[in-house]
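Subject: Structure handover

Hello,

My notes on what was found in it follow.

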Amino acid sequence: MKNPKTGMKLSDFIRNLRIRHKLQLAYSCVFILAFAVGGMIIFSFVRDTIEKNIESELKNTTSAMLNMVRTSASVSVKNYLRAVAEKNRDIAGHFHGLYTRGELTEEEAKSMATEVLLSQTIGKTGYIYCIDSDGVIVLHPKKALLGVNLSEYGFIREQTVRKEGYVEYDWKNPGEDHPRPKALYMTRFGPWDWIISASSYREEFEALVNPDDFRESVISLRFGKTGYSFVFDYKGINLIHPHKEIEGKNLFDAEDAEGRKFIAEMCRKKTGKIVYPWKNPGEEASREKLAIFNDIKEFGWIVGSSSYLEEFYAPLDTIRALIIATVAMTMLLVFLITLWISNSLTRPLRVLMNNFAAGTDGDLSVRMNIRSEDETGQLSRYFNNFMKKLERYRNAVKESEEKYRAIFDSSNDAILLMRRDKFTDCNPKTPEMFGCAKDRIIGESLYRFFPSAQPDGSDSEEKGRDKVKALLRGEDQFFEWMLVRYDGTSFYAEVNLNIIELIDGRYIQVIIRDIDKRKQNEEELGRYRNHLEEMVEKRTSELETTQQELIQSEKMAALGQLVAGVAHEINTPLGAIRSSVVNIAEFLTRDMPQLPEFFQQLPPDRRQDFTALLRRSDQQTFLTGREKRKIRRALRGQLDAEKIADPDTIADILTDIGVYDGIEEFLPLLGSADSRTVLNTAYRFVTLQKSTRTITTAAERAAKVVFALKTYARYDTKGEKVEADIAEGLETVLTLYHNQLKHGVEVVIDCADLPPLLCYPDELNQVWTNLIHNALQAMDNRGRLVCQLSVVSGPLSVVSGGPLSVVSGPLPHTTDHEPRTTDNGPRTTDHGQIYAVSITDSGKGIPPEILPKIFDPFFTTKPAGEGSGLGLDIVRKIIEKHGGTIGVESVPGRTTFTVYLPKEG
């Protein structure tokens with residue numbers, strides 16, 4: 001309906017009225033209606049309103065108390081678990097101290113610490129356990145889990161990352177139908193890399209919570225003259241009550257004035273409301289009470305609020321008596337009451353809005369004065385609680401930022417914070433490094449301290465923006481960079497970019513380390529290199545006599561680059577051998593003396609079963625973790641069906657020793673009283689077998705690496721050609737590069753079965769080393785490496801294209817199995833069969849403008865200090881020494897070096 005004068009809808013008009021006008025209009029309509037229908041309707045309406053207010057107030061109080069109790073109880077549990085975890089960290093520290101003082105060995109210290117930690121319980125089933133930073137169990141009440149890597153579980157991965165704090169998760173034990181919620185608090189003991197965790201099921205938190213921690217808060221929730229709040233558990237035991245004399249008593253069978261067990265009824269319903277008659281001692285008659293209640297399932301508690309109904313209904317008698325007398329004054333009172341009520345509502349709202357505005361401006365100390373327990377009073381209480389938590393959070397953030405600031409200010413590197421391409425802060429080292437005051441840096445762009453171009457000729461600002469974009473995509477950025485100080489002088493630096501989260505948003509943290517002195521040393525080395533080049537030009541005639549020394553020097557340099565990878569390749573099998581030797585030694589010292597007694601006491605039929613177990617276990621194959629879990633579940637089901645005792649443990653042992661198919665022949669053994677003794681002894685024998693196989697495999701791997709290293713490092717002092725297998729040389733070099741290849745390089749070897757080649761094998765190994773090393777660098781150790789060996793027939797000049805050929809694109813006739821190059825000069829000698837060795841990488845390729853220079857002495861595209869520029873020159877000279885040629889063809893994504901060697905050169 002619209003107003004004909006203004007065109008505004010009546011609903012919009014009413015909606016836009018102020019609160020006091022809305023109240024005046026509403027009350028006027030109500031009273032006019034009340035006059036029309038009579039006092040009885042007024043009475044009924046007021047009664048219904050009061051009942052709703054009663055129930056609403058009780059529900060709100062109960063809800064507020066429920067949240068308060070749940071929050072307080074959770075904090076109490078977290079503090080308890082934290083105290084347990086930190087106490088056990090101190091215990092571990094105590095025994096570690098005994099070890100560091102020499103009073104105990106480390107194993108004794110760990111053993112005693114383990115015994116103390118495992119002797120503790122948390123609640124009914126809670127316990128202490130420890131993992132290391134890789135997620136491997138190092139301490140647990142169940143010994144079967146020791147040494148097991150549980151990083152497949154999300155909460156274990158979270159522990160290995162956080163190492164400190166509170167974690168909630170769901171866990172399903174073997175034999176249970178569904179997972180149950182658990183919680184833990186963890187702390188790390190660094191010297192032993194123990195992440196100590198205090199764990200318990202959340203359903204047992206009731207035993208860990210002390211109601212006294214929040215008793216006063218519950219008791220303080222009062223309303224009316226007799227209204228109060230209470231807490232009791234599912235068994236009817238009173239935990240918190242205003243009358244302390246009944247706290248701790250079991251009221252489950254308490255009866256009201258009509259004999260109804262109202263406490264038992266609330267325990268059964270767990271949530272809702274109940275009205276019951278109650279007579280206090282000394283009173284003549286019972287009075288009805290209303291109770292609103294709800295439950296906290298994880299603690300098995302029921303919280304509620306109750307009050308006498310007569311307190312709320314008392315005004316009805318007065319209203320009934322005054323209805324007739326107040327009719328004449330109704331309209332006046334409507335206005336006055338409306339004005340008063342509107343002020344009582346709007347005044348605290350205005351104060352609340354003003355306090356919110358003050359909080360927004362940063363004043364978190366503002367609080368509301370709580371003058372009532374109605375909705376405005378509750379809203380004020382919520383506001384005060386919110387501001388308290390916000391103030392604590394701000395203080396915690398401030399403390400964290402102060403710690404960061406201490407590191408920030410004391411760093412020897414320049415640290416800057418950047419947002420929207422502008423510096424917002426920097427540490428004291430920054431002005432010192434850039435030679436200006438701090439205010440000259442704040443507000444400036446990162447690119448203000450860039451030269452126009454980097455030493456490689458690239459545009460500094462454009463390249464810098466690319467690195468920032470890569471950082472925002474989640475790629476780590478650590479690189480060398482040329483920067484300029486405020487006075488315009490340049491210097492080299494290492495720059496590390498990362499993203500950090502602060503209270504006011506995300507920032508880019510820029511860490512700069514001055515490496516100018518190091519670069520000056522590298523430039524000095526470059527000058528020495530240039531001087532060496534001049535000397536080489538003057539002494540060309542002496543190059544032939546020194547060529548072998550250069551080859552060996554380059555070979556040993558490449559060998560030095562391989563040392564770290566080779567050491568890793570050898571250390572890995574050595575670690576496996578050490579671990580297996582420990583297992584064997586443990587078997588010999590602990591289990592071997594018990595074997596004679598074991599076999600003497602073993603009945604003949606059990607001996608046959610024992611022998612059959614060992615024979616079956618010797619045929620076991622490697623299983624993944626998922627396959628083992630599947631097999632364990634199947635075995636547990638089969639053992640359960642056969643009524644075998646302790647099926648979980650037996651299934652684990654059978655899976656570990658590899659006996660999981662056709663176990664029917666072992667059912668008499670598994671059902672016997674001595675089954676566990678036989679199975680455990682068989683398990684130890686199988687462990688011994690696994691250890692010996694591990695030693696054999698690891699020794700073979702180490703021997704292969706050592707043989708390859710020995711073959712590569714060999715130097716032929718005779719200077720005579722010998723017959724050698726080219727494919728074997730390629731495999732030797734690839735073996736030495738295995739550590740660099742295994743993390744991201746797909747290696748394809750396509751070698752024909754060819755007779756030996758008359759050559760200088762150690763020099764050819766240097767050729768393969770340089771070409772493979774360059775290919776890996778071109779791919780950044782990520783991509784596809786193809787090594788091919790084939791034989792072709794015809795004149796060398798036709799097959800190879802000349803003594804040296806380079807092209808910047810693929811030839812029309814080029815295939816993966818027939819590497820060729822373009823003709824770059826006549827060569828008429830026919831050497832018969834020709835060996836063709838090609839090495840192809842999937843790197844970024846060689847730019848066409850530098851392709852003709854790559855074989856020139858001392859030409860390199862690598863930064864100063866990272867390459868001598870002699871590698872490909874030495875390769876070319878070695879090939880020429882063999883009477884062969886080398887060619888290269890390159891496009892982005894595919895670069896192929898092909899070496900042609902005459903079989904009888």
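Predicted model: local features only at pLDDT ≥ 70, side-chain atom pairs only at ≥ 80, totals over all residues.

Strand 2 is joined to strand 1 (residues 127–131) by 2 bridges, and the two run antiparallel. Both belong to an open sheet of 5 strands with antiparallel pairing, in the order 2-1-5-4-3. The edges are taken by strand 2 (137–139) and strand 3 (165–171); each has a single partner strand, so one side of each has no neighbour in the sheet. From one strand to the next, the twist averages 35 degrees.

Two helices go with this sheet. Helix 4 (residues 106–118) packs on the sheet and touches strand 1, strand 2 and strand 5 (194–201). The direction of helix 4 makes about 15 degrees with that of strand 5. Helix 5 (residues 154–162) lies across strand 1, strand 3, strand 4 (180–189) and strand 5, and runs at about 165 degrees to strand 3.

Next, strand 11 (residues 414–419). Of its 6 residues, 5 are buried, so strand 11 is largely enclosed by the rest of the structure. Strand 11 pairs with strand 15 (residues 505–514) in the antiparallel sense over 5 bridges. It is also joined to strand 12 (residues 422–426) by 4 bridges, again running antiparallel. Met418 faces both ways: it stands opposite Ile508 in strand 15 and opposite Phe423 in strand 12. The hairpin of strand 11 and strand 12 has 2 residues between the strands, and in it Arg420 takes a positive phi near 55 degrees.

Gln509 also has its place in strand 15. Is Gln509 buried or exposed? Its relative accessibility is 9%, so Gln509 counts as buried. Leaving aside residues up to four places away in sequence, Gln509 touches Tyr404, Ile415, Leu416, Leu417, Asn496, Leu497, Asn498 and Ile500.

Helix 16 (residues 604–617) has 14 residues, which at 1.5 Å a residue should span 20 Å; the end C-alpha atoms are 20 Å apart, in agreement. Among the buried residues of helix 16 are Arg606, Asp609, Phe610 and Leu613.

On the nonpolar cores: the largest has 41 residues, of which Leu764, Trp768, Leu785, Phe897 and Val899 touch the most other members. Elements giving two or more residues to this core include helix 21 (726–736), strand 19 (783–793), helix 25 (871–881) and strand 23 (894–902). Helix 23 gives the most, with 7 residues. Phe897 touches, among others, Leu771, Val837, Ile839, Phe855, Leu872 and Val888, not counting residues up to four places away in sequence. Apart from this core lies another, of 33 residues, including Ala85, Leu117, Val231 and Phe299.

Lastly, the cysteines. How many disulfides does a search of the whole structure find? It finds 0. Cys436 is in no disulfide, and the nearest cysteine sulfur, that of Cys426, is 8.1 Å away. With a relative accessible area of 13%, Cys436 is buried. Cys751 is in no disulfide either; the nearest cysteine sulfur there is that of Cys787, 7.1 Å away. Cys751 counts as partly exposed, at 26% relative accessibility.

Regards

Key:
Residues numbered from 1 in each chain as written. Heavy atoms only, no water. Core = buried A, V, L, I, M, F, W, Y, C linked by side-chain atoms within 4.5 Å. Buried < 20%, exposed > 50% of the residue type's maximum accessible area, 1.4 Å probe, protein only. Contact = heavy atoms within 4.5 Å. Pairing = 2+ DSSP bridges. Expected span 1.5 Å × (residues − 1). Disulfide = S-S within 2.5 Å. Axes fitted to C-alpha atoms, helices over the stretch in contact; angles between N-to-C directions.
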